[in-house]
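Here are some notes for a colleague who is opening this structure for the first time. Please keep the display at hand while reading the points below.

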Amino acid sequence: MKQTNPKKSTPPLSVSNLSMRYHHKPVLTDVSFEIPEGKTIAIVGPNGAGKSTLLKGIMGLEPIMDGEARFFGEPLTHKRLAIAYVPQREEIDWDFPINVFDVVLMGRHGQLKLWQRPSKIDKEIAQHALEDLGMWDYKDRQISELSGGQQQRVFLARALAQKARLYLMDEPFAGVDVSTEKTIIELFKTLKTQGKTIVCVHHDLNTVGEYFDWIIFINARLIAAGPVEQVLTKENLNKTYGGRLSLLNDLTETMYRTQLNKAHDGD
Amino acid sequence: MINDIWILATASLVAAACALVGVFLILRRQALMGDAISHSVLLGIVLAYLITDSRALPIMLGGAVIIGLLTAWLSDTLNRVGKLQSDASIGIVFTLFFAIGVILISLYAGQIDLDQECVLYGEIAFIPFDTLHIGGGGNLNDGFEIGPRAFWAIAVVFIIVLISIIVAFNRLQTVAFHPKLALSLGINIVFWHYFLMTLVSMTTVASFDAVGAILVVALLVIPASSAYLIAKSLKTMLWFAVGYSQASVAIGYTLAYQLDSSISASIAVSAGVLLFLTIAILQVQKWRQRHKKEILNSHHKYNRL
């Protein structure tokens, strides 16, 4: 017990000098940042900027060339179960013969020994997770029989069942219906009140200021990282999406609108 | 009569073990790896025999597992380091190993009681003539006869496969479903990959005498594929795969008896026919459902008018 308050002093995730390449091409170069606990954080950048790659590199799912990621001050192997990963929906084999409840129970498998079966408590945790996302009625469905939004909810329930402290999600809002989007936002709020941290790859600039507390701008390297009100600036958008002028106009407008919304919220 | 029972029992266990292992190969999209290992284990058997001069089951299984794992590892290495496509890498490695095995057999033909035809096609009808004995100090014709070698080989392997799947069910399921998710949960996916390859190696080598290197692929892939089409969970897929495999054995054996033809080939053909029947039935069901909807829709339109 060297530190009096380790929770406050060690960030849930700190990345230092991270570089990654894909087929000899550099994808990410020298990325460093730290995030605060109990916030929602968006990783934002244009297509091919390396957002998903960053998430996978942090999770040890793809090889890192240089640098490291630390979780609550420790290497990944010591903190694996404290981190729940939600993969992109396209990366999942939806034809796999498995039902909703068994997918959610997978969130408990990390805690179980090889020969152990999920206990009654594990099943209760899985049930609560499904109920929180309004999917309990679908527990016996095969995952191929679900809509896109329902599929996303099942995977969020799986992450929830893991009872992690840090959630890393790859585009959880991509291709989901409005009600699922609302459910996810509610989930974020609940998790935040429990002091949990959520990091999402996010592509929708219309909602980024509204849904997230923090933004990490990425385009092959780190552009900016910080609280929304500080980093969501025209300059940072310009740097991140630079050169795409037509897009840039939209973005400026978006940014303006987001800030307008924020102002209204404050009323 | 007693010979028929031994043959049927052996075929049934071969088919069941292959079906169980095949389910995981299909779900992991590694059917080709099953094909590869079933061929390259030949080299393992031949080398094990030439080095130890013994046909004991543990030695045969050991040789097969070593070469089987080497096949998987070398294919993967060629793919990663050599920058060759993964299916090309697998094709290169297993044909090479199989060819070396064939050369060794013809070089040492006098010492090995394996002939090339038997390796390729197997001959389940001859199984009852090669029996195991307990006691008798190793002399083949002394001691108490306990039944065909091939039967006991596959019986032991079947039990190993069954226990592995029951004990490691959750791990195997998570790794097959989403390897990266499994990795994020701290599951050692490399270990489980080679564990599955070990099961495949043991299953194919124990099936060798009965069905040969070519037809064992049919038993690995076809019943599991049929089951994949109709199963809604991994557990039901395993049950369906075993069901399909046993039906194939029953139909194939009857067919072979009627036509006086190869038993293993008839079993493989039956498995194929059952697969196509399953696809046909699923298609008809789909068509009927669509048809029903169309009729309902037209009624609605009519009522509105």
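1. Two strands are taken to pair if DSSP finds at least two bridges between them. The structure is a predicted model, and the points that follow should be read with that in mind.

2. In chain A, strand E9 (residues 214-218) and E10(A) are paired in the antiparallel sense, over 5 bridges. Within this pairing, Ile218(A) has Leu222(A) of E10(A) as its bridge partner.

3. These strands belong to an open sheet of 6 strands in chain A, whose order is E6-E7-E8-E3-E9-E10 and whose pairing is mixed. Because strand E6 (83-86) and strand E10 (222-227) of chain A each have a single partner strand, they stand at the edges, and one side of each is left without a neighbour in the sheet. On average, and with direction ignored, neighbouring strands of the sheet are turned by 15° against each other.

4. Helix H2 (residues 51-58) of chain A packs on this sheet, where it touches strand E3 (40-44), E6, strand E7 (166-170), strand E8 (197-201) and E9 of chain A, and its direction makes about 145° with that of E7(A). Helix H6 (residues 148-161) of chain A lies across E6 and E7 of chain A and runs at about 165° to E6(A).

5. The largest pocket holds about 1,400 Å³ of space. It is lined by 34 residues, of which Asp76(B), Asn79(B), Arg80(B), Lys180(B) and Ile189(B) are the closest to its centre. H3(B) gives the largest share of the lining, 6 residues, and by class the lining has 16 nonpolar, 9 polar and 9 charged residues.

Notes
Residues numbered from 1 in each chain as written. Chains lettered and ligands numbered in written order. Predicted model: local features only at pLDDT ≥ 70, side-chain atom pairs only at ≥ 80, totals over all residues. Heavy atoms only, no water. Helix = DSSP H or I, 4+ residues; strand = E, 2+ residues; numbered from the N terminus. Axes fitted to C-alpha atoms, helices over the stretch in contact; angles between N-to-C directions. Contact = heavy atoms within 4.5 Å. 1 Å grid on protein atoms, 1.4 Å probe; cavity = no way out; pocket = protein on both sides within 12 Å on 5 of 7 lines; lining within 4 Å. Points joined across faces, edges and corners; volume = space filled by probe spheres on them. Nonpolar A, V, L, I, M, F, W, Y, C, P; charged D, E, K, R; others polar.
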